[in-house]
Amino acid sequence: MNWKIPLFKIYAEEDDVEQVAGVIRSGMNWATGPKVNELESRLADYVGTKYAVTLNSGTSALHAQLIAHGIGKGDEVIVPSFTFIATANCPFFVGAKPKFADVEEKFYGLDPDSVKECITKKTKAIMPVHVGGYACRVDELKEIADDNGIPLLEDAAESLGAKIDGRMVGTFGESSMFSFCGPKVITTGEGGVIVTDTQEIYEKIKLLRSHGRADTKDYFSTNEYLDYIQLGYNFRMSNITAALGVAQMDKLDKIISIRQKNADYLTKAIKKAGGDVKTPEPAKGRFHLFQMYTIESDNRDALMKYLGDAGIMAKVYFPPAHLSHFYKNVLKYSPSLPMTEALANRCLTLPMYQQLTKDEMDYMAEKIGEFCMRT
């Protein structure tokens, strides 16, 4: 369908094109290279960690994270069901199992009280998700993890730059991951990164991403044999992809600022139009990126159809993982997650990107107002 207003648009300027073209024209480098190194350095500096390791996707980053922390057969990882399916699936990649805790209503993240109830002797990690550019109650979850001697592994896929009282998301966990697929605040097309302050985790992930090879030198620039010392994967980010990431990093703060201004404008426009929906209201001390702009409506499905008929692509984020066919019918999961299911029935994500115009946001607000007046 040709949407009048799509859910997202990738934001790019001429420097993005030139960075990528420069790598292509060089005829050099492949799955390593100076742009990979530069992007990793930039990301570590931005987040405020000692190390950053890029990978070819956010899912690969989650997978590698669990391996690096020694999580395996018979272990349990506490995760939300209100998330993209990769968060739930990754424990299975290493022979462990996801254990679903409920979420809380304000930040859409793991509810600390529910997490406490889920902890058993099998629990080997807590994996909170920062939904749509909004920090969850990760500080409280970190205390719970520390009290139980369990690592906290942040799934911050959607939240590069989000903060709690000035502290950057991604610095609470023993390691944390961010994603750079198309809809994210910055993109490398596909890609991810793990950030950590622990050298041991950093070194493990470097081995895992490149077939278990000890890359003491650039594999593609030397004829020396570099040994393979463990099982690994092809999780590497290419130099071409990293070049796009470097260019995107140059404008990250600008992108965040634009999204925040757009979100503020859209909220005011919806209220002015008489839209009887719950709009996002960032809490004091929370720096919200608006990677997603999510409203809540008791008539969500009808509203989504009404907007769709008007050419506005709104979408449900997130259908609960535990209610998917795989978890419900194949794996027979049946956890009690009342808040997760309630939010999943009310939440609707609207288009949010840098190129949105005031006319487009006014149009969205107008249609929401029309719908609310008719129902």
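Modeller: Contact, as the word is used here, means heavy atoms within 4.5 Å. The model we are discussing is predicted. By that cut-off, and leaving aside neighbours within four places in sequence, S324 is in contact with I85 and N329.

Colleague: Where is S324 found, and why is it called partly exposed rather than buried or exposed?

Modeller: S324 is found in the loop between α10 and α11. Its relative accessibility is 22%, and since buried means under 20% and exposed means over 50%, S324 falls in between and is therefore called partly exposed.

Colleague: How do you know whether T49 is buried or exposed?

Modeller: T49 has a relative accessibility of 9%, and because the limit for buried is under 20%, T49 counts as buried. T49 lies in the loop between α2 (34-47) and β1 (51-55), where its side chain reaches the backbone oxygen of Y51 at 3.2 Å. With neighbours within four places in sequence left aside, T49 is in contact with A44, G170, T171, V195, T196 and D197.

Colleague: Which residues are buried in helix α4, and what do they pack against?

Modeller: In α4, which covers residues 85-93, the buried residues are A86, T87, A88, N89, C90 and P91. They pack against the helices α3 (58-68) and α11, and against the strands β2 (76-80), β3 (97-101) and β5 (153-155). G95 follows α4 and has a positive phi, near 90°.

Colleague: What makes the phi of H211 and of K332 worth a remark?

Modeller: Each of the two has a phi near 65°, a positive value in a residue other than glycine. H211 is found in the loop between α7 (199-208) and α8 (239-249), and K332 in the loop between α11 and α12 (338-346). As for accessibility, H211 stands at 35% and is partly exposed, whereas K332, at 61%, counts as exposed because the cut-off for that word is over 50%.

Colleague: Which peptide bond is cis, and what is its omega?

Modeller: The peptide bond from Y317 to F318 is cis, with omega near 15°. F318 has its place in the loop between α10 (300-309) and α11 (325-330).

Colleague: How do you know that strand β6 and β10 are paired?

Modeller: Strand β6 (residues 163-164) is joined to β10 by 2 bridges, and because pairing asks for at least two bridges between the strands, the two count as paired. They run antiparallel, and the bridge partner of I164 in β10 is R286.

Colleague: Why are β7 and β10 said to stand at the edges?

Modeller: The open sheet has 3 strands in the order β7-β6-β10, with antiparallel pairing. Both β7 (167-168) and β10 (286-287) have a single partner strand, so one side of each is left without a neighbour in the sheet.

Colleague: How many cavities of 30 Å³ or more does the structure hold, and what makes up the lining of the largest cavity?

Modeller: The structure holds 2 such cavities, and the largest has a volume of about 70 Å³. Of the 16 residues that line the largest cavity, K9, Y11, K184, V185 and Q354 are the closest to its centre. Its lining has 9 nonpolar, 4 polar and 3 charged residues.

Colleague: Which residues line the second largest cavity?

Modeller: The second largest cavity, with a volume of about 40 Å³, is lined by A157, E158, S159, L160, S179, F180, K184, V185 and I186. By class, that lining has 5 nonpolar, 2 polar and 2 charged residues; E158 and K184 are the charged ones, because Glu and Lys count as charged.

Technical notes: Residues numbered from 1 in each chain as written. Predicted model: local features only at pLDDT ≥ 70, side-chain atom pairs only at ≥ 80, totals over all residues. Heavy atoms only, no water. 1 Å grid on protein atoms, 1.4 Å probe; cavity = no way out; pocket = protein on both sides within 12 Å on 5 of 7 lines; lining within 4 Å. Points joined across faces, edges and corners; volume = space filled by probe spheres on them. Helix = DSSP H or I, 4+ residues; strand = E, 2+ residues; numbered from the N terminus. Buried < 20%, exposed > 50% of the residue type's maximum accessible area, 1.4 Å probe, protein only. Polar contact = N/O pair within 3.5 Å; in protein donor to acceptor, adjacent residues only side chain to side chain.
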